[in-house]
Amino acid sequence: MGQIAPAVGADGANNGYTALNTKFTALQNAATGLLEEAERLAQRMRANANAAITVADLSAAAHVDDRHVAAVADVGAALGGVVGGCKQLMGAAEAMHIAAGHLKAEHQAEYGGIHAAVTSSRARQAAPGFYRPQ
């Protein structure tokens with residue numbers, strides 16, 4: 001068997017302390033944007049579902065053919081299902097936002113002091129792994 005091939009698109013050197021902090025912030029911001037968009041979509045779908053139900057009720061009151069009333073009511077029910085899916089998506093986006101925040105905080109707690117010490121010194125630092133025994 002051969003060696004495992006490196007991951008395509010791996011950042012390599014771009015995974016330093018500051019770069020990872022920036023990536024975690026970007027992940028949090030993306031999750032927030034997804035949450036907001038899913039919330040807007042859920043509101044629009046809820047309004048559309050309510051409108052479809054109203055149209056179905058008015059159609060029934062106007063003695064429109066039952067199959068047409070049923071079709072409009074089905075559309076309202078389907079839009080209501082989309083609202084449920086949006087709420088699930090909102091939950092996942094909120095969980096991702098929280099997880100990214102925790103990851104960022106843990107990363108800062110673990111490596112923030114080291115990063116501060118390294119960047120405050122003008123002395124050249126050894127390459128990562130230099131002090132590990134061979």
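Analyst: This is a predicted model. In it, H1 and H2 each contribute at least two residues to the lining of the largest pocket.

User: Which helix supplies the largest share of the lining of the largest pocket?

Analyst: The lining includes His107, Tyr111, Ile114, His115 and Val118. Helix H2 covers residues 66-120. The largest share of the lining, five residues, is accordingly that of H2.

User: Are H1 and H2 roughly parallel or roughly antiparallel to each other?

Analyst: Helix H1 spans residues 17-61, and its axis lies 7 Å from that of H2. The two helices pack at an angle of about 165°. Angles over 145 degrees count as roughly antiparallel, and H1 and H2 are therefore roughly antiparallel.

User: What is the handedness of the crossing of H1 and H2, and how many residues of their contact are charged?

Analyst: The crossing of H1 and H2 is left-handed. Their contact comprises 31 nonpolar and 15 polar residues, while the charged ones number three.

User: Why is the protein said to be more spread out than a compact globule?

Analyst: The secondary structure consists of two helices and zero strands. For 134 residues the globule rule gives 14 Å, and the protein is more spread out than a compact globule because its radius of gyration is well over that, at 26 Å.

Technical notes. Residues numbered from 1 in each chain as written. Predicted model: local features only at pLDDT ≥ 70, side-chain atom pairs only at ≥ 80, totals over all residues. Heavy atoms only, no water. Axes fitted to C-alpha atoms, helices over the stretch in contact; angles between N-to-C directions. Helix = DSSP H or I, 4+ residues; strand = E, 2+ residues; numbered from the N terminus. Parallel < 35°, antiparallel > 145°, perpendicular 65-115°, else oblique. Left-handed = near helix turned anticlockwise from the far one by under 90°. Nonpolar A, V, L, I, M, F, W, Y, C, P; charged D, E, K, R; others polar. 1 Å grid on protein atoms, 1.4 Å probe; cavity = no way out; pocket = protein on both sides within 12 Å on 5 of 7 lines; lining within 4 Å. Rg over C-alpha atoms; globule rule 2.2 N^0.38 Å.
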